[in-house]
Amino acid sequence: MSSSDDKITSLLSEERVFEPPTEGRDAAAIGSLDAYHAEYKRSMEDPEGYWAERAEELVTWDKKWDTVLDADFDKPEFHWFKGGKLNVSYNCLDRHLENGRRNKAALIWQGEPEEDVKVYTYQMLHTEVCRFANVLKKKGVKKGDRVSIYLPMIPELSIALLACARLGAIHSVVFAGFSSVALQSRIQDCEAKVLVTADAVIRAGKTIPLKPNADEALSECDTIESCVVVKRAGNDVSMTDGRDSWWHDEVAESDIASTCDPESMDAEDILFILYTSGSTGKPKGVVHTTGGYLTYVMHTCQYVFDMKDDDVYWCTADVGWVTGHSYILYGPLGLGATSIMFEGVPTYPGPDRFWKIVEKFQVNTFYTAPTVIRALMRDGDGPTQRYDLSSLRILGSVGEPINPEAWMWYHVNIGKEKLPIVDTWWQTETGGLMISPLPYATPTKPGSASLPLPGIDAAIFNEEGEEAGPNEGGHLVIRKPWPGMLRGVFGDPERYKKAYFNRYKDTYDPEDGARKDDDGYFWIMGRLDDVVNVSGHRLGTAEIESALVSHPVIAEAAAVGIPHTIKGQAVYAFVTPNTGVEHTPELLAELRGHVRKEIGPIATPDAIQYAPGLPKTRSGKIMRRVLRKIAANDFENFGDTSTLADPSVVEDLIKGKKALD
Ligand code: WT7
């Protein structure tokens, strides 16, 4: 859908509507559709007044702000709560020690082995965060320094993030499933001083070494002075003298009784950088700041998850993605909730693992991804019936449009046909949820993220920048700034402007296609740029292509997304080897391994096809929509191909594809 001559259309037609439960309404933050509309209206009429109220109510400020919002879409530059001072770790920890939550579980960690469980009360978590903050301090980490974190889903991951926030250091988490090459480029881009990593990842019963990746990455990272290593699996690792040390040794030296004062930060100081894929090669270092981000993640947690003091809340994402940052850590801990962190995978040792955890900890709110639901659906409803799921009250979904079939399975088997499902649309860049039902207010329609949250001015624009009519497909846009919005692409202001604020004046452009139905419900159709959404994770096709052509025998490559029953989308690649290179199946296998090594397992193409040539326009642009159709076995609806330089290329590719199947 990347080229402008493709009309954005949606074929999905879904008529079912489910009313929100009546039980629980009275105690909900927003308990009726009328209450939602009233609050939404107020937030649109006086956005600054609205956000000031929310920021005041949710966050503890060391010093109140001077101005609520200072926005300039043309520059672009956005300052929220200018002059305000606060510390995020203070808000997530210290204040709860004084407000009755001291001995309440903040984090419940369930390791992959069933018996590996750790519970951190707010006080215990505070102690561990202070200890590790002191370790970082000793390593010379100061306010504004960058710390890269490459850890599996173990408690130290959460502790490390909060320790950075405490010192005012900027964390940059790199998902532990990424390769050494991906880690290296991210460390180099943000010029991190310290890396925090582990000996290994435990996943589906296997120990996967992690430290060797870190070593490989660090071979070309001059800025790294220290590397702190968590012992998770106990496998052998090599430690570099003068650079590497063990987490447990370091914290043992850090006095348990000594605290670490939280650094009072400016509202607009950077809290973290998180890299995400874009349509050009290099991942973007999305920048989030302190005051607005915290306000926004707490605001959305309170409204969408209706988070209550005695709630046990479980978001199944990895802290390595924005979902984990915002909805395992900062949002829930800001509100003083109990948040579960799970190390394992949904299908190991069996497809009942999630439901076992729900029963074990009596989970009230469960937030997962459509790809997980689809994977679990394969085993039918048996595994869900063996457990008592009656503690559940709210179900959530995130990462990609949820197909109505998965929605219904979730609704029937987990929600027992009575729990609200919140299908939350948002992005790394938005910091928090943007379009979503409110559990006790919004009637839901399977597959629709429904209505924008209070404070969010979402609309559908056509190519001309006019608001599209009902059910007319177009670009999803956000017309007003919101506190959780990204403040930049680290080190690249040009790219920030070009990627998000260029298409239409005075609007944020998320690069998603969508339509709005007669009831004002949003139906998100997916990415409009050259990004593939595999299992709810964004991968830039340009990154995959540059990995393929970095192989010595590959001259040219094009990667596209194809529909996949479990993953949503899978990667399909076309490659043109150098002349004289034999087109063997072995080379294709090697190329898949190569992408895996360059980017990580999630980017591995499901299939690669040899292409004697790629379909290009006369100006040399690859016609991706043609490739997308061929990859999906649709050999007819190519649209306008009159600008193709050499139409015979297409015939060759079709022949090649047919021969593959
Ligand atoms: C892209 C953002 C947000 C955290 C996880 C992914 C797609 C996400 C939904 C949803 C339809 C969705 C969009 C978006 N997306 N949630 N509920 N319905 N599409 O974060 O990697 O930044 O990806 O994921 O296309 O732009 P991300």
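Residues are numbered from 1 along each chain as its sequence is written. Because the model is predicted, local features need pLDDT of at least 70 and side-chain atom pairs count only at pLDDT 80 or more, whereas totals for chains, interfaces and linings use all residues.

**Confidence**

- The average pLDDT (the predictor's confidence in each residue, from 0 to 100) is 94 for the protein, and 97% of the residues score at least 70.
- Residues 1-6 have a pLDDT below 50, and beyond near neighbours in sequence this stretch has 14 contacts in the model; two residues are in contact if their C-beta atoms, placed from the backbone, lie within 7 Å.
- Where pLDDT is low, the predicted coordinates should not be read in detail.
- The ipTM of the model is 0.99 and the pTM is 0.92.

- Helices (H or I, at least four residues) and strands (E, at least two) are DSSP runs, numbered from the N terminus.

**Strand β11**

- Strand β11 (residues 226-230) is largely enclosed by the rest of the structure, because five of its five residues are buried. A residue is buried if 20 or more other C-beta atoms lie within 10 Å of its own, exposed if 12 or fewer, and partly exposed in between, with C-beta atoms placed from the backbone.
- Ser226, Val228 and Val230 point one way from β11, while Cys227 and Val229 point the other way.
- Strand β8 (residues 194-198) pairs with β11 in the parallel sense over five bridges, and Ala198 stands opposite Val230. Two strands pair if DSSP finds at least two bridges between them.
- Strand β12 (residues 244-246) also runs parallel to β11, joined by three bridges, and Trp246 in β12 is the bridge partner of Val229.

**Backbone details**

- Most residues other than glycine have a negative phi, and most peptide bonds are trans.
- The peptide bond from Lys75 to Pro76 is cis, with omega near -15°, and Pro76 is in the loop between β1 (67-72) and β2 (77-82).
- A cis peptide bond also links Tyr348 to Pro349, with omega near -5°; Pro349 is in the loop between β17 (338-342) and α11 (353-361).
- Ala204 has a positive phi, near 50°, and is exposed, with 11 other C-beta atoms within 10 Å.
- Ser535 has a positive phi, near 50°, but is buried, with 20 other C-beta atoms within 10 Å.

**An annotated lysine**

- An unreviewed UniProt entry lists Lys621 for "modified residue: N6-acetyllysine". UniProt positions are given in the numbering used here, feature names are shortened, and annotations may be inferred rather than shown by experiment.
- Lys621 lies in the loop between β30 (607-610) and α18 (624-631) and is partly exposed, with 13 other C-beta atoms within 10 Å.
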